[in-house]
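Have the sequence and the coordinates open as you read.

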Amino acid sequence: LDFLLLFLVSDEEEVSPPSALPPEWSLGESPVGEEQDKQNANSQLSILFVEKPQGGTVKVGENITFIAKVKAEDLLRKPTVKWFKGKWMDLASKAGKHLQLKETFERHSRVYTFEMQIIKAKENYAGNYRCEVTYKDKFDSCSFDLEVHGKRIFFGEGQDDAGELDFSGLLKRREVKQQEEEPEVDVWELLKNAKPSEYEKIAFQYGITDLRGMLKRLKRMRRVEKKSAAFAKILDPAYQVDKGGRVRFMVELADPKLEVKWYKNGQEIRPSTKYIFEHKGCQRILFINNCQMTDDSEYYVTAGDEKCSTELFVREPPIMVTKQLEDTTAYCGERVELECEVSEDDANVKWFKNGEEIIPGPKSRYRIRVEGKKHFLIIEGATKADSAEYSVMTTGGQSSAKLTVDLKPLKILTPLTDQTVNLGKEICLKCEISENITGKWTKNGLPVQESDRLKVVHKGRIHKLVIANALIEDEGDYVFAPDAYNVTLPAKVHVVDPPKIILDGLDADNTVTVIAGSKLRLEIPISGEPPPKAIWSRADKAIMEGSGRIRAESYPDSSTLVIDVAERDDSGVYHINLKNEAGEAHASIKIKVVDLPDPPVAPTVTEVGDDWCIMKWEPPAYDGGSPILGNCLLVSLCNCQYSCAGGSLEARNSRPVCWAWWCTPVVPATRYSGG
């Protein structure tokens, strides 16, 4: 106790060491045996364990659990417990399929219970393990052994070389998925052959948190150390210790009488509760307790005119994943957030998709957001291609989850409807669906190609197909198919044209003249879509198609009225009527049958002169279907016929047709006959 008080006073008042101590001993060292040295070194450290983990034996493939308990009566918060294998392999970074770390708290007894469970043990799991507990300036540690299948393991002193840099824990690559057998990787060789731009990637990939130290040590390894006359054993090029841990520097002198001084960044180190010096024969040892980030620096020791230096790297505690990723299901087009929580604020975290690192950027669909300990991976407008296994990796842990992106159930808000459009009018097919997605139009199973006349419109959830000046060939079966959905919206487009009767070949009054006894075939061009049905009629009596003398014949682009042998009674007005779904058309045609007129009534002599006479007769009852153009009078005498020239009395009166004749010369008392 007196020694410790003197030690503290020496640090605060900077007095000289007591002369009672031998000159070859530095403050902080006791001349007792090695075991007593350990007790003195740990005498300032509180004993926190109430139950320490005990060594054990397990068969390959079986499970084993190690338990440590810490009393919490005098603790204001939960202590920090770490599990190690060997010297410095922090097992928190190995938690997963074969290793689980658990902790519980019993409120009644106020005891923290920490468990390390090894699952399906393998032979290479055998070795020396260590459990460390820290609370503020208090520290406690316990080593224990694990034997697998009775294999004999040789162990050294667990704490003598504590703090010396051991890279065995850094040479195993942490994969996103654990594999049964993982070959050792020489990180030094990777760094030697890598480009500087790849250093950070290699450091994170292999769990190296002190990349600066690795690179400096690599540089030192290339330097050939000169043989020292003062030092039989110099400091290692670099040391590594976890934050809050304890590190041990040791040199061995060639001459134990040489004076040794320790320096940090050029400033001499004075003994204190933080810095403890020990002498063991020719060995000179420096302990640094409760290492903080400020202790991360260069250290060197001098012996006479020589010195040797080293680097101390204080490693931040491994970043643990405290809240795991969760499997997520989303719909296409939605915003997806994958969330995890880590043990430290603003920690370095990497995201992976199916094992490939996600690197966000201006053109990337992925965005990363950090809110203290919470980390988010944001996917805007998720698609089915985003369905994958996502994982997050820190320096001390990892977590994985599956993202499943499904199509949102599609609702048809406004379906396509069948349309009947007149020729030359606009066709507009319109539908509305519940999602703002693209789609494809087809006509009769073939893709629709845009043109000056045909336009495809997509605005939000509304899709349109607009065709200007509809043509007959625009008719067909149209289908709209939303992308990524097994849904179709069909519609039929029917282009119609009202019927038309083309009478261009007829005269102005639509009259057709035919000679009696001849055949009339009156072909009238017609149009319409669909082809109209033609009906011929006369005096409200339909003319049927068939084999009658008067019949109708229908063709795609014409309708024909046939009269095989025209008769005088066939004259009259005939009607043609066209009809289709687009409308109707009507026309009237006058047919005139021309025949020989009937003979006139026998003439009578109304007046007789000296050598002349006047005869009159009535016109025939039937004029042959056309006006009579003139008359011819034949006069016969003694059975001889001759023409008698004469003039028409009515002709003198400008009548168009005369039915009276003036005949001269005639011989009195002579008999005549005429016709």
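## An open sheet

Four strands line up in the order β19-β21-β25-β24 as an open sheet with antiparallel pairing. Strands here are DSSP runs of E of at least two residues, numbered from the N terminus, and two of them pair if DSSP finds at least two bridges between them. At the edges are β19 (321-323) and β24 (366-371), each of which pairs on one side only. On average, neighbouring strands of this sheet are turned by 35° against each other, direction ignored; the axes behind that angle are lines fitted to C-alpha atoms.

Looking at one pairing, β24 and strand β25 (residues 374-379) run antiparallel and are joined by 6 bridges. Y366 has I379 in β25 as its bridge partner.

## How the model was read

This is a predicted model, in which local features need pLDDT of at least 70 and side-chain atom pairs count only at pLDDT 80 or more, while totals for chains, interfaces and linings use all residues. Residues are numbered from 1 along each chain as its sequence is written, and side-chain values use heavy atoms, with hydrogens and water left out.

## Aromatic pairs

Rings of Phe, Tyr and Trp (its six-membered ring) pair if their centres lie within 6.5 Å; planes under 30 degrees apart are stacked, those over 60 are edge-to-face, and the rest are tilted. That rule gives 11 aromatic pairs. One of them is the tilted pair of F66 and F144, at 4.7 Å centre to centre with 35° between the planes. Because F66 belongs to strand β3 (residues 64-71) and F144 to strand β9 (residues 138-148), this pair ties together parts that are 78 residues apart in sequence. F66 is buried at 2% relative accessible area, and F144 is buried too, at 3%; buried means under 20% with a 1.4 Å probe, protein chains only. F66, W83, Y129 and F144 form one aromatic cluster.

What makes the pair of Y263 and Y300 stacked? The ring centres are 4.9 Å apart and the planes meet at 15°, so Y263 and Y300 count as stacked. With Y263 in strand β13 (residues 260-264) and Y300 in strand β17 (residues 297-303), the pair ties together parts 37 residues apart in sequence. Y263 is buried at 16% relative accessibility, and Y300 is buried at 15%.

## Charges over rings

A charge sits over a ring if NZ of Lys or CZ of Arg is within 6 Å of the ring centre and within 35 degrees of the ring normal. K307 lies over the face of Y300, 4.2 Å from the ring centre. The charged end of R130 is placed over the ring of F84, at 4.6 Å from its centre.

Technical notes: Buried < 20%, exposed > 50% of the residue type's maximum accessible area, 1.4 Å probe, protein only. Axes fitted to C-alpha atoms, helices over the stretch in contact; angles between N-to-C directions.
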